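Here are a few exercises to work through with the structure open beside you. Try each task before reading its solution.

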Amino acid sequence: MGSYFSDVSATRSPANPYKVLIAGGCYAGLAAAINLLEKCDTIEAPIPVEVTIVDERDGFYHVIGSPLALASSSYAEKAWVYFKNIAVLQRPDVRFVHGTVDHIDPKAKTATVIEQPDKVERSEAYDFFIAATGLRRVWPVVPQSATRKEYLEEARRHIDAVTNSTAPVLIVGGGAVGIEMAAELKEVQPNVQVTLAHSRSKLLSAEPLPDNVKDCALDLTVQTGVDVLLDHRLKSSTPIKNEDGTEAFQVEFENGHRMVASLVVMAISRSVPSTTYLPAASLSEEGYVNVHPSLQLSSDKVPNAASHFAIGDLIHWSGIKRCGSAMHQGRFAGLNIHQLMLQDMQGKEPVLNQLGEVPPMIGLAVGKNALSYGPEGMKHGKQVMEWFFEEDLGFRIVWDHLRLGGTKA
């Protein structure tokens, strides 16, 4: 295997470091940066590196916590952390850019970045590129705000609307997001009537999971006090005024059932990969990134494909999209880039970590209980909640796993 660089890089130094550009500063992108820096910091063979992380938000947002962030103001404060407050990455060789990657030129190894808030366009050169921008999810699956200040206001408005409801709050969509959103809302605000409507005969119908998992999800949801309507496909939702002048919605389903709701929350994700900045040749028909098991781009039509990595929810790979998988892939990408650096500097044949096929797995928080499913089968209950989510929908677990509060990667 030849070198990934056109020049001899044995003279790499702090003045001439490897440049790594990461698009996306959530689970996968941060895991890649932290694991790469940890390897480059080794006393035996330190490698000078400069990491730039571009993200459309001004901080790390714990996406898993969205159902609770939109039910609890105190948790909303916790779920979004400014990048400048992530201690492990506060170092001279790491830079955060609040903006988006507009497009990349893999042949020239440059990216055009649009920086916020003034939408200033600039070019970023790199030796390695990591795409980790995930899926573009709609409100209220995730907040749409780009700043923490706007996000907190967005969450506050939603929480106020729920708190002031007089008729049921209707959650539409019985996937993982809808279930967790309905359950967390009922858990945090037990006086609010919550109804979960799903168009199919079983919850989690879009996931490749056995029926006993879907049935357990229904049982746990009902136990929280949420009213569940199965085989209820939403037909229309019309704004109306109640007799007391408050706003509400007249809801009709395809089966003829009607109800009045104070608020209609669409928890149908309609997620699409955030990959428009990548070469079309690297994408599947659905817009996901085709990668080798090493997480390098697999297209032979993309120049320097071996220096370009993609990780997280945006890759075309087996398994249900999960935070754990994203962090695992981020770690592999960081370690593999380190191997390529060693090859370039020392001529060593790289030993690249290879991603295996991922079987269907899920962890689902439902009020005070949770269920998990994987190759070992299904478990559910309060202990599963403690193992997978604790009391903050996994925030502490993720924070510590990535060592975000540490002093050095």
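Two strands count as paired if DSSP finds at least two bridges between them. Keep in mind that this is a predicted model.

**Exercise 1. Work out the strand order of the open four-stranded sheet, and find its edges.**

Solution. 
- Step 1: Follow the pairing across the sheet, which gives β12-β11-β10-β16, with parallel pairing.
- Step 2: Look for strands that pair on one side only; these are β12 (227-229) and β16 (263-266), the edge strands.
- Step 3: Check the twist, which averages 20 degrees from one strand to the next.
- Step 4: Zoom in on β10 (residues 169-172), which runs parallel to β16 and is joined to it by four bridges. I171 has V265 of β16 as its bridge partner.

**Exercise 2. Describe how helix α1 packs with helix α7.**

Solution. 
- Step 1: Two packed helices are described by the angle between their axes and the distance between the axes.
- Step 2: Apply them to α1 (residues 27-40) and α7 (residues 323-346): the angle is about 35 degrees and the axes are 7 Å apart.
- Step 3: Assign the hand; the crossing of α1 and α7 is right-handed.
- Step 4: List contact residues. On α1 they include Y27, A28, A31 and L36, and on α7 they include M327, G330, L335 and M341.

**Exercise 3. Is Q189 buried or exposed, and what does Q189 touch?**

Solution. 
- Step 1: Locate Q189 in the loop between α5 (176-188) and β11 (194-197).
- Step 2: Q189 has 12% relative accessibility and the cut-off for buried is under 20%, so Q189 is buried.
- Step 3: Leaving aside residues up to four places away in sequence, Q189 touches A71, I159, V162 and T163.
- Step 4: Look at T163 again: its side chain makes a polar contact with the side chain of Q189 (3.0 Å).

**Exercise 4. Where does L278 lie, and which residues does L278 touch?**

Solution. 
- Step 1: Find L278 in the loop between β17 (272-273) and β18 (308-310).
- Step 2: Apply the under 20% cut-off again: L278 is buried because its relative accessible area is 8%.
- Step 3: Not counting residues up to four places away in sequence, L278 touches I104, F129, A131, L283 and V289.
- Step 4: Compare sequence with space for I104 and L278, which are 174 residues apart in sequence and 6.3 Å apart in space, C-alpha to C-alpha.

Definitions and conventions: Residues numbered from 1 in each chain as written. Predicted model: local features only at pLDDT ≥ 70, side-chain atom pairs only at ≥ 80, totals over all residues. Heavy atoms only, no water. Axes fitted to C-alpha atoms, helices over the stretch in contact; angles between N-to-C directions. Helix = DSSP H or I, 4+ residues; strand = E, 2+ residues; numbered from the N terminus. Left-handed = near helix turned anticlockwise from the far one by under 90°. Contact = heavy atoms within 4.5 Å. Buried < 20%, exposed > 50% of the residue type's maximum accessible area, 1.4 Å probe, protein only. Polar contact = N/O pair within 3.5 Å; in protein donor to acceptor, adjacent residues only side chain to side chain.
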